[in-house]
Amino acid sequence: MAKAEIAMTPLQQWGEEAEDGAIYSIILERVKAKPAARGTSSLKKHPETSECPFVQYRTCKRRTLRAATLPQLVKWLLTANKEGDLNYTSSFLATYQAFATLMQVLELLLPLGSDKAVLLVLEQWLRQHPQDFWEPPEYPNLHKILCFLHQTAPSSPVCALAKGLLQAHKEKEAYGGNSSGMRPSQVITEAAETDDCEEIPALMSFSVDEVAEQLTLMDAHLFRAVLPFHCLGCIWSQRDKKKNQHMAPSVRATVTQFNAVTSCVITSVLGDLAMRIPQRAYLLEKWIEIAGQCRALRNFSSLYAILSALQSNSIYRLKRTWAAVNKDTRSSFRKLSQLFSEDHNHLNCREILLQEGDTQDPCDGWRNHQTPVRTSLKTPTIPYLGTFLTDLIMLDTALPDFVEDQLINFEKRRKEAAILFCICHLQQSCQGYNLCQNPSFHLAFHHQQQLSEDQSYDISCMIEPPADSCPNSPKLHRSLTKRFSSLLLSSEPATPSGSEKTGTMPLGSSSSLNSEDGSSVPSSPTWVSPGVKDPPVTQWKTCPLHEQPVPPSISKQGESESRVVRVHMNNICGNGNLYRSILITSQDKTTAVVQRALQKHKLEEDSPCNYQLLQLLGDGQGKNSRILEEIIVLAAIGQQNSGAAHDWQGQP
């Protein structure tokens with residue numbers, strides 16, 4: 001006889017408890033009761049099964065820390081597991097750098113005593129986040145931990161672990177390494193040391209499989225070297241300040257590689273003016289096949305870079321060339337492009353990124369912002385890092401750092417930690433790649449010629465003048481356009497392979513290439529009829545600085561009372577195509593929105609009265625353009641609107 005179980009929710013929110021400097025969420029959990037000892041049960045057992053016909057449950061009270069002062073957050077590290085807050089320590093160690101320093105945490109943690117709980121926290125910290133203690137040449141905080149352990153637990157495993165980490169860091173320092181153990185441009189530039197007399201092979205002379213595998217090998221090295229905390233919105237969003245030019249180098253290295261791949265695709269297709277249409281069409285077909293192979297290898301970074309390059313304005317407009325591409329190959333191109341469709345917040349990309357792995361999804365918390373259970377992916381995967389960076393910046397913008405009484409909002413950090421955990425799991429999966437490096441390919445990749453945005457478009461027009469028309473060019477739906485992800489971050493100019501230049505990942509758009517004057521514009525076009533350089537005229541609505549609510553199309557939609565919108569300072573202070581995101585509500589007035597935008601662009605000293613708010617409308621009605629209606633633009637009073645519309649479209 002089968003046991004009859006009542007379907008009940010195992011977890012139930014009960015309320016909150018407030019203590020001095022801390023707020024806890026109370027959760028009631030329904031768990032199965034342990035079976036009673038033999039001879040003590042008052043329930044009659046079934047004669048056939050000798051088991052109780054009922055399942056007994058009991059209710060347990062769990063406390064999770066929602067917000068607290070820094071001392072209380074550190075203190076909770078010692079009791080979180082006992083209270084049922086099982087993932088608190090992992091979330092804290094992954095995100096504490098957003099609200100505290102390493103020294104501050106240690107100064108609060110070490111005086112709490114030498115009991116087992118402190119040692120367990122230190123062991124987890126040293127083992128899972130060794131890069132936190134990379135402080136050459138003195139390593140003061142690591143020495144502080146060693147001094148504490150020598151006095152309290154000299155023969156403990158955690159003491160041996162700290163000694164080993166110090167020795168490893170010193171050896172890494174002697175070899176010129178960094179916290180990730182890899183120079184940011186190591187993978188890209190290692191071919192530069194090759195003998196100059198060696199003949200450089202053509203990049204496209206390598207087979208489809210070889211190109212895809214070597215790109216995957218480079219991407220895997222760079223992605224594994226990414227320090228997850230560099231991806232936090234509060235860190236990555238500050239990288240444009242002059243004093244932060246060297247911030248988040250591990251993420252910037254992936255940007256450099258992404259742009260280098262995009263540049264290689266564009267240059268290989270446009271570099272030879274003497275090439276005939278069938279030859280150029282063959283190159284497009286080969287790059288599409290390489291993209292397909294990257295998809296098979298689950299290398300979504302190079303896959304996106306290749307697709308972005310093929311959909312850049314300079315290549316996409318080559319209608320006669322596209323018409324010569326095999327029909328089945330064009331169909332494959334469209335299917336690959338749909339992987340990065342912006343529909344439902346890039347749902348296709350997210351789902352495909354997480355599928356084909358384990359039956360137990362280690363990144364389920366990424367979608368639900370819950371801390372996932374630690375496991376490992378069976379299938380190696382390199383994600384498009386921009387998807388995670390976008391989510392983290394959106395979280396940082398939408399959720400406050402502090403709640404009532406200036407308590408640190410740790411619920412925000414839990415959500416961020418869930419995304420960082422997913423990045424870590426994917427990094428671990430990359431160990432599953434079994435690929436061998438080909439020095440000849442690295443040499444060809446490194447020496448590939450670079451073209452600026454203007455140069456590539458000029459060459460494109462020489463290949464096929466703008467007046468040309470052909471009905472068989474690819475009809476692609478909007479798939480790789482600038483949306484939240486690209487507009488939250490400024491575009492990064494591509495740099496010559498092997499060199500480093502600060503910038504940002506072209507998230508959600510294609511790589512950006514240097515123009516003649518050093519400025520940059522996204523090379524991913526807004527989808528208009530091929531061959532038309534300038535898109536249809538976009539209407540702008542000027543909102544004077546009166547105390548009126550913000551326009552409905554960028555405020556409340558449906559049941560939402562607030563939303564994150566993108567703000568562009570139109571041709572002010574040389575910002576170019578720099579976008580920021582702000583959180584607004586349906587009750588915000590125009591002046592408040594302008595002030596918030598100025599703060600985001602570090603222009604707090606400017607008066608909101610000196611700016612006007614422009615809302616971008618598509619086809620005369622914002623409601624008909626779900627992309628454009630999410631943009632608001634600040635322009636200096638008196639500035640012409642037509643130029644602003646031209647700048648938004650990102651055309652050269």
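Analyst: Happy to; we can start with the overall picture and then visit some helices and loops.

User: Great. What kind of model is this, and how are residues numbered?

Analyst: This is a predicted model, where local features need pLDDT of at least 70, side-chain atom pairs count only at pLDDT 80 or more, and totals for chains, interfaces and linings use all residues. Residues are numbered from 1 along each chain as its sequence is written, and side-chain values use heavy atoms, with hydrogens and water left out.

User: Ok, how many helices and strands does the protein have?

Analyst: There are 25 helices and 12 strands. Both are DSSP runs numbered from the N terminus: helices are H or I with at least four residues, and strands are E with at least two.

User: And what percentage of the residues count as buried?

Analyst: Of the 652 residues, 54% count as buried. Buried means under 20% relative accessible area, exposed means over 50%, and partly exposed is in between, using a 1.4 Å probe and protein chains only.

User: What about contacts between residues 24 or more positions apart?

Analyst: Those pairs account for 73% of the contacts with a separation of 6 or more. A contact means heavy atoms within 4.5 Å.

User: Let's do helices. How do H5 and H7 pack?

Analyst: H5 (residues 116-128) and H7 (residues 157-174) pack at an angle of about 30°, with their axes 10 Å apart. That angle makes H5 roughly parallel to H7. Angles under 35 degrees count as roughly parallel, over 145 as roughly antiparallel, 65 to 115 as roughly perpendicular, and the rest as oblique. The axes are lines fitted to C-alpha atoms, for helices over the stretch in contact, and angles run from 0 to 180 degrees between N-to-C directions.

User: Which residues make that contact?

Analyst: From H5 they are Leu119, Leu122, Glu123, Leu126 and Arg127, and from H7 they are Val158, Leu161, Ala162 and Leu165. By class, the contact of H5 with H7 has 7 nonpolar, no polar and 2 charged residues. Here Ala, Val, Leu, Ile, Met, Phe, Trp, Tyr, Cys and Pro count as nonpolar, Asp, Glu, Lys and Arg as charged, and the others, Gly among them, as polar.

User: What about H11 and H13, how do they pack?

Analyst: H11 (residues 249-270) and H13 (residues 300-310) pack at about 40°, with their axes 8 Å apart. H11 and H13 are therefore oblique to each other. In H11, Phe258, Val261, Thr262, Val265 and Ile266 meet a set of H13 residues including Tyr304, Ala305 and Ile306. The classes in the contact of H11 with H13 are 9 nonpolar, 4 polar and no charged residues.

User: Switching to H24: which of its residues are buried?

Analyst: In H24 (residues 590-600), the buried ones are Thr590, Val593, Val594, Ala597 and Leu598. They cover an arc of only 135° around the axis, which puts them on the same side of H24. The arc is that of the directions from the helix axis to the C-beta atoms. As background, an α-helix has 3.6 residues a turn, so residues three or four places apart point the same way.

User: Nice. Now loops: is Leu232 buried or exposed?

Analyst: At 0% relative accessibility, Leu232 counts as buried. Leu232 is in the loop between H9 (208-224) and H10 (233-236). Not counting residues up to four places away in sequence, Leu232 touches Ala94, Thr95, Ala98, Leu392, Glu416 and Leu420. Leu232 and Ala417 are 185 residues apart in sequence and 9.1 Å apart in space, C-alpha to C-alpha.

User: And Asp85, buried or exposed?

Analyst: Asp85 is buried, with a relative accessible area of 3%. Asp85 is found in the loop between H2 (80-83) and H3 (88-95). Leaving out residues up to four places away in sequence, Asp85 has contacts that include Arg63, Trp76 and Arg414.
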